[in-house]
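Work through the exercises below on charged side chains. Try each task before reading its solution.

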Amino acid sequence: MTDLRQHAESIADQFSEHLDISTEEVESRLETLVSEYKIPAEEARRSVTNHYLDEAGLDRDALGGGSNSEVQLAEIDAAEQWVDLTAKVVDLWEPRSDSIAQVGLLGDPSGTLKFTKWAKSDLPELEEGGVYRLENVVTDEYQGRYSVKLNRTTGITELDEELEVGNDESEIEGALVDVQSGSGLIKRCPEEGCTRVLQNGRCSEHGEVEGEFDLRIKGVIDDGREVQEVIFDQEATEEVAGITLEEAKQMAMDALDTTVVADEIRSQLLGRYYRITGPTFGRYVLADAVEELGGPTDPEETLIKARSI
């Protein structure tokens with residue numbers, strides 16, 4: 001069975017109680033987006049799902065996930081997937097918004113992951129240290145870091161058992177040898193619960209929006225044996241680059257060009273050595289703690305030296 005067919009069956013199953021649509025109809029829509037418009041399959045799935053949400057007059061939270069897979073937290077590597085979990089509430093934090101009922105950290109043997117429970121979902125409270133079976137949660141992504149959202153369709157069952165929580169934190173040392181495209185001053189979708197990076201002023205889910213500025217670095221660390229991609233969020237970027245978000249916005253305004261921020265970051269940081277600690281999500285290490293190990297060097301010489309270790 002092709003990936004598009006699987007996506008089509010999943011979407012048709014999700015809307016089976018709301019619309020009279022067939023798997024073949026859904027697959028045809030997906031095929032048009034992927035084959036004719038060269039849209040990635042996952043983005044095509046989101047677009048078609050949004051089309052049927054509008055047609056049915058539904059909010060996303062009102063839509064179930066169909067037949068979900070039981071996954072471990074470390075297996076989550078894509079946004080907008082409906083999954084089932086068994087996890088322990090490792091930590092709870094104070095929500096920053098009235099729209100959020102609870103926010104914190106879930107854990108299982110594979111590692112940890114952030115969760116958000118929306119206030120409008122009217123779900124029971126999760127207790128720190130409790131172990132739960134969570135059915136029908138949806139995955140999300142922000143700056144390379146995945147999370148899960150509990151919505152009004154989520155089923156919560158407290159389990160009378162213990163669950164070991166694994167450690168997914170990594171520590172790497174090496175030279176910063178590349179600052180990749182998508183670094184510097186970026187814009188994110190301002191819609192509630194969506195943090196996608198805009199491409200040409202468009203969010204892949206919400207279309208054309210007035211984005212909100214953010215600052216990040218997508219870098220590559222070379223330790224002489226292998227390279228590791230790293231993401232620095234706004235706080236980490238401001239720390240290592242010495243540029244605040246407001247200063248970055250002013251730089252871009254003065255130059256009438258947002259790319260000057262990434263260029264400035266490259267000129268300052270390439271060739272510097274760092275020790276970086278943080279969780280690993282997919283191919284990225286997320287820089288929670290950063291320590292500079294030495295002064296700047298010539299980037300080409302640094303790369304040659306690092307790979308000769």
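This is a predicted model: local features need pLDDT of at least 70, side-chain atom pairs count only at pLDDT 80 or more; totals for chains, interfaces and linings use all residues.

**Exercise 1.** Find how many salt bridges the structure holds.

Solution. The structure holds 15 salt bridges.

**Exercise 2.** Work out which parts of the chain the pair Arg 5 and Glu 27 ties together.

Solution. 
Step 1: Check the contact. The side chains of Arg 5 and Glu 27 meet at 2.8 Å, N to O. A salt bridge needs a distance within 4 Å, so this pair qualifies.
Step 2: Arg 5 sits in helix H1 (residues 3-14), and Glu 27 sits in helix H2 (residues 23-36), so the bridge ties together parts 22 residues apart in sequence.
Step 3: Arg 5 has a relative accessible area of 23% and is partly exposed. Glu 27, at 22%, is partly exposed.

**Exercise 3.** Decide whether Lys 117 is buried or exposed.

Solution. 
Step 1: Find its partner. Lys 117 forms a salt bridge with Glu 125, at 3.6 Å from N to O.
Step 2: Apply the cut-off. Buried means under 20% relative accessible area. Lys 117 has 1% relative accessibility, so Lys 117 is buried.

**Exercise 4.** Locate the two partners in the salt bridge between Glu 173 and Arg 275.

Solution. 
Step 1: Read the distance. The closest N and O atoms of Glu 173 and Arg 275 are 2.6 Å apart.
Step 2: Glu 173 belongs to strand S8 (residues 169-179) and Arg 275 to strand S14 (residues 273-281). The pair links distant parts of the chain, 102 residues apart.
Step 3: Glu 173 is partly exposed at 37%, and Arg 275 is partly exposed at 24%.

Notes
Residues are numbered from 1 along each chain as its sequence is written. Side-chain values use heavy atoms; hydrogens and water are left out. Helices (H or I, at least four residues) and strands (E, at least two) are DSSP runs, numbered from the N terminus. Buried means under 20% relative accessible area, exposed over 50%, partly exposed in between (1.4 Å probe, protein chains only).
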